[in-house]
Amino acid sequence: MTLHPYLIVSAFLLIIGIYGVLTRRNIIGILMSIELIFNSVNINLVAFNHFLYGGNLYGQGITIFVIAVAAAEAVVGLSLVLAIYRNIKSVYVENMNILKG
Amino acid sequence: MIASIRLILPEIFLSGSALFLLGWDAFIQEHLKKWVFWMSFFALAITFFLLIHPPQEGVAFGMLVQDPFSLFFKVLALFSAGFILLISREDKALMGDYAGTYVSLILFSVVGTMFLSSAKDLLMLFLGMELTTIPLFILAGFLRNDLRSSEGAIKFFLVGTLSTGLMLFGISYLYGLTGSTQFKEIYEWFNKTQLGNGDLVLFFLAILFLLAGLGFKLSLVPFHQWTPDTYEGAPTPITAFFSVSREAGVIVVTVRLFSEYLKQNQMGMTSFFALLSILTMTIGNIAALRQNNLKRLLAYSSIAHAGTIFIGLVAGNRLGREGIMLYSLAYFLMSLGAFSVVIYVSRLKNSEDISSIQGLSKENFPLSLMMLFFLLSLSGIPPFLGFWAKFYVFWAAIEAKLFYLVAIALLNAIIAVYYYFRIVHKMFFQEPSYSQPLSSRLERHYGLEFATLLAVSLLLLFGIFPQSLLSWIKGSSVIIP
């Protein structure tokens with residue numbers, strides 16, 4: 001195996017993630033797309049570390065931090081979704097239009 | 001090891017006390033809750049003492065650099081937290097049942113800003129930025145039963161996490177290219193190696209991704225749409241906190257990351273950053289012209305000010321750094337002051353619309369006078385500190401021979417005067433609108449009044465006698481690479 005297949009998979013994950021964020025109307029769907037982006041980063045870091053800088057575990061160490069922070073963000077995001085759902089009984093972005101942005 | 005721990009002792013202490021206050025909220029009886037305010041002040045004071053006595057210099061764990069430049073912004077972050085606690089002290093929705101949670105979230109965000117302002121490593125940049133932002137997500141949606149608060153928070157959250165993801169993608173490519181996440185080693189790699197075209201394209205792509213994350217936090221123009229909504233929805237003290245703490249840490253880390261490239265004008269980066277700054281100023285100012293909600297107006301004006309601060313970064317010289325410091329301090333005082341007045345008015349009239357401030361001079365003359373001072377300072381008119389801040393930033397750009405940038409910034413300053421003086425006109429030359437009568441139960445707001453008075457007196461004091469402040473800033477603009 002070489003580095004390139006990993007990079008191609010992660011680039012695809014990134015593109016799917018961005019596409020999902022831009023087209024999904026359900027907030028949960030957007031959250032899942034963002035998780036895809038975070039995971040493409042993880043694949044990148046681990047692959048770079050393994051194939052190019054095998055002497056240390058620096059890239060893999062960063063991955064652990066990324067996973068932990070992504071989990072913390074997901075917790076906050078889901079609780080915000082719950083707060084909105086209690087108010088308007090909907091998780092669709094087109095129903096969030098009180099503030100004209 | 002011990003030396004490194006001593007260097008980050010203030011941060012350790014502050015996060016410890018934030019955890020303590022969080023626990024205090026959960027386990028302590030009702031009647032003890034009023035002590036949360038004083039305890040948080042005490043924690044901030046001890047952190048300040050640990051920071052400045054004696055001021056430390058050096059590098060902790062190879063990732064966090066302590067120098068006079070970061071010290072300045074850390075002190076700024078601590079003081080902004082103190083101000084926010086003061087102005088939200090009498091707010092029942094914030095400092096009521098969940099006071100401990102509220103205070104601890106603010107303290108966590110300040111710890112993040114402190115880490116960010118001394119980060120010299122991409123990993124620390126990422127962690128500091130998340131530690132600053134995640135508490136802000138929660139704080140923006142703190143009024144759980146208010147739909148506007150939740151909606152602003154969710155918009156902020158979605159844009160925020162997306163940009164964090166993009167920034168991380170950039171970081172992963174920088175790591176892949178250089179094998180390091182240290183700012184310095186990345187710059188050395190960029191300078192020394194004979195780079196092929198493919199490497200350069202990847203490097204530039206990575207920098208663009210990284211800028212997406214930083215630009216979101218600074219609300220630079222392609223990433224600014226969340227700002228007005230979040231500012232309007234969030235509880236007003238938090239809006240004031242947004243406009244200050246968010247900027248301070250990120251601008252420092254951007255300076256550390258990019259100032260070397262900008263000094264040498266690598267890859268045309270100077271004109272690229274100048275374009276970002278121009279777009280941010282112009283779009284912020286033009287959008288602010290037709291806002292009728294005071295918080296939205298101040299939000300757009302904060303976007304414009306972010307663009308102006310960015311000029312100091314584009315200049316890339318030491319004078320630019322001094323301009324950034326002075327501007328951050330001035331913006332901290334005048335924006336917090338303006339938001340305090342908005343809070344005061346909205347507590348009296350239950351409205352943040354621009355008509356609520358109509359005829360304020362006839363109802364409460366001192367308040368309208370203070371608002372006038374803040375607005376004069378925001379539009380950069382002497383003798384207030386806002387003038388010196390603009391002056392320094394422009395001076396730095398002239399020294400770097402960026403004349404077109406200064407010209408456009410001056411035009412923007414003129415546009416800004418229009419919408420600030422629209423508020424002044426409403427306050428002084430129109431009759432009060434009696435459709436929204438002053439609420440009958442007037443409580444005293446000691447914290448809010450004290451904070452506003454302090455802000456206005458500091459603005460005037462530093463504006464008229466800037467010498468001591470300027471020499472302090474000159475001394476603190478040293479950065480350890």
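A residue counts as exposed when its relative accessible area is over 50%, and as buried when that value is under 20%. The model is predicted.

**Surface patch**
- B:I2 belongs to helix α1 (residues 2-7) of chain B.
- Together with B:M1, B:I5, B:I12 and B:F61, B:I2 forms a nonpolar surface patch of about 530 Å² accessible area.

**Helix packing**
- In chain B, helix α4 (residues 68-87) packs against helix α14 (residues 318-349) at an angle of about 5°, with the axes 11 Å apart.
- The two helices, α4(B) and α14(B), are therefore roughly parallel.
- Contact residues of α4(B) include B:F69, B:F72 and B:L76, while those of α14(B) include B:R321, B:L329 and B:R347.

**Salt bridges**
- Over all chains, the count comes to 12 salt bridges.
- B:E232 and B:R148 form a salt bridge at 3.5 Å, N to O; B:E232 lies in helix α10 and B:R148 in helix α7 of chain B, so the pair ties together parts 84 residues apart in sequence.
- B:E232 is buried at 11% relative accessibility, whereas B:R148 is partly exposed at 27%.
- B:K155 and B:E151 form a salt bridge at 3.2 Å, N to O, and both lie in helix α7 of chain B, four residues apart, about one turn of the helix.
- B:E151 is buried at 1% relative accessibility, whereas B:K155 is partly exposed at 22%.
- Shared partners join B:R148, B:E151, B:K155, B:D229, B:E232 and B:R296 into one salt-bridge network.

Definitions and conventions: Residues numbered from 1 in each chain as written. Chains lettered and ligands numbered in written order. Predicted model: local features only at pLDDT ≥ 70, side-chain atom pairs only at ≥ 80, totals over all residues. Heavy atoms only, no water. Patch = residues over 30% accessible without salt bridge, like charges linked within 9 Å, V, L, I, M, F, W, Y side chains within 5 Å. Areas by Shrake-Rupley, 256 points an atom, 1.4 Å probe, with all protein chains shown as cover. Salt bridge = Lys/Arg side-chain N within 4 Å of Asp/Glu carboxyl O. Axes fitted to C-alpha atoms, helices over the stretch in contact; angles between N-to-C directions. Parallel < 35°, antiparallel > 145°, perpendicular 65-115°, else oblique. Contact = heavy atoms within 4.5 Å. Buried < 20%, exposed > 50% of the residue type's maximum accessible area, 1.4 Å probe, protein only.
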